[in-house]
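Look over the structure, then read on.

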Amino acid sequence: ALLLVPSVRERLALLRNESSVVMGGRRALWTEVAPALVRAHPLGVGWLALRHEDLKRVSKHVQPGLNHLHNSALEMLVETGWAGLAAWLLMVFRILHVQARAAWTSRGRDPPAYGLALGAFGAFLALTLNGVVENNFGDAEILMLMAWLAGLGAFLERRRRLA
């Protein structure tokens, strides 16, 4: 049914450009721009400090107005350096671990908590996987949703431990 929506068909038609370095797709960002920026700024350029001019300075194959790398992990690496990427990865895996444990331990014992925990885990995992092709931390709504899901998982795990 989604294929009947014109904007969906238009976006699917543009997918072939994503692997083109010349068209300024994600491949150019991931294979040219990000490695050059990491070499030039091993400690990072600064949180949310990446600008279109920074990307354009590295490669002429950057889409007009683009100011992010379309990959959350690469964005963390370029903005905060290797230490920031390590901290971010630790945070994401810890959140997923807490959510999975909350779901696993409430399974069969507390169906409402199980449903909430499983939903929080699934939604957080889906948004994290979406971060492979998007920058989830440059969009306030997505960041707020991820923070809410992380908090929900932590609340359910804490509630389980106190019960």
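Helix α5 packs against helix α6 (residues 140-162) at an angle of about 145°, and their axes lie 9 Å apart. Axes here are lines fitted to C-alpha atoms, for helices over the stretch in contact, and angles run from 0 to 180 degrees between N-to-C directions. The model is predicted: local features need pLDDT of at least 70, side-chain atom pairs count only at pLDDT 80 or more, and totals for chains, interfaces and linings use all residues. Residues are numbered from 1 along each chain as its sequence is written, and side-chain values use heavy atoms, with hydrogens and water left out.

**Overall build**

- The protein has 6 helices and 0 strands. Helices (H or I, at least four residues) and strands (E, at least two) are DSSP runs, numbered from the N terminus.
- Along the sequence the pattern reads α-α-α-α-α-α.
- The C-alpha trace spans about 60 × 45 × 20 Å along its principal axes.

**α5 with α6**

- This crossing is left-handed. A crossing is left-handed if the near helix is turned anticlockwise from the far one by less than a right angle, and right-handed if clockwise.
- From α5, the contact uses Ala113, Leu116, Ala117, Ala120, Ala123, Phe124, Leu127 and Thr128. From α6 come Ile142, Leu145, Met146, Leu149, Ala150, Leu152, Leu156 and Arg159. Contact means heavy atoms within 4.5 Å.
- By class, the contact residues are 14 nonpolar, 1 polar and 1 charged. Ala, Val, Leu, Ile, Met, Phe, Trp, Tyr, Cys and Pro count as nonpolar, Asp, Glu, Lys and Arg as charged, and the others, Gly among them, as polar.

**α4 with α6**

- The axes of α4 and α6 come within 8 Å and cross at roughly 45°.
- The two helices are therefore oblique to each other. Angles under 35 degrees count as roughly parallel, over 145 as roughly antiparallel, 65 to 115 as roughly perpendicular and the rest as oblique.
- The crossing of α4 and α6 is left-handed.
- On α4, the contact residues are Ile95, Val98, Gln99, Arg101, Ala102 and Thr105. They meet Leu149, Ala150, Gly153, Ala154, Leu156, Glu157 and Arg160 of α6.
- This contact holds 7 nonpolar, 3 polar and 3 charged residues.

**α2 with α4**

- Helix α2 (residues 26-40) and α4 have axes that come within 9 Å and cross at roughly 10°.
- α2 and α4 are therefore roughly parallel to each other.
- Trp30, Ala34, Leu37 and Val38 of α2 touch Leu74, Leu77, Val78 and Trp82 of α4.
- The contact of α2 with α4 has 8 nonpolar, no polar and no charged residues.

**Pockets**

- The largest pocket holds about 200 Å³ of space. On a 1 Å grid over the protein atoms alone, a pocket is an open set of points where a 1.4 Å probe fits, with protein on both sides within 12 Å along at least five of seven lines; lining residues have an atom within 4 Å of a point. Grid points are joined across faces, edges and corners, and a volume is the space filled by probe spheres set on the points.
- Its lining has 14 residues, and the closest to the pocket centre are Asn67, His68, Asn135, Gly138 and Asp139.
- That lining divides into 4 nonpolar, 6 polar and 4 charged residues.
- The second largest pocket holds about 150 Å³. Its lining residues include Trp88, Leu89, Phe93 and Leu125.
- α4 (72-106) and α5 (111-130) each supply at least two residues of this second lining. α4 gives the most, with 7 residues.
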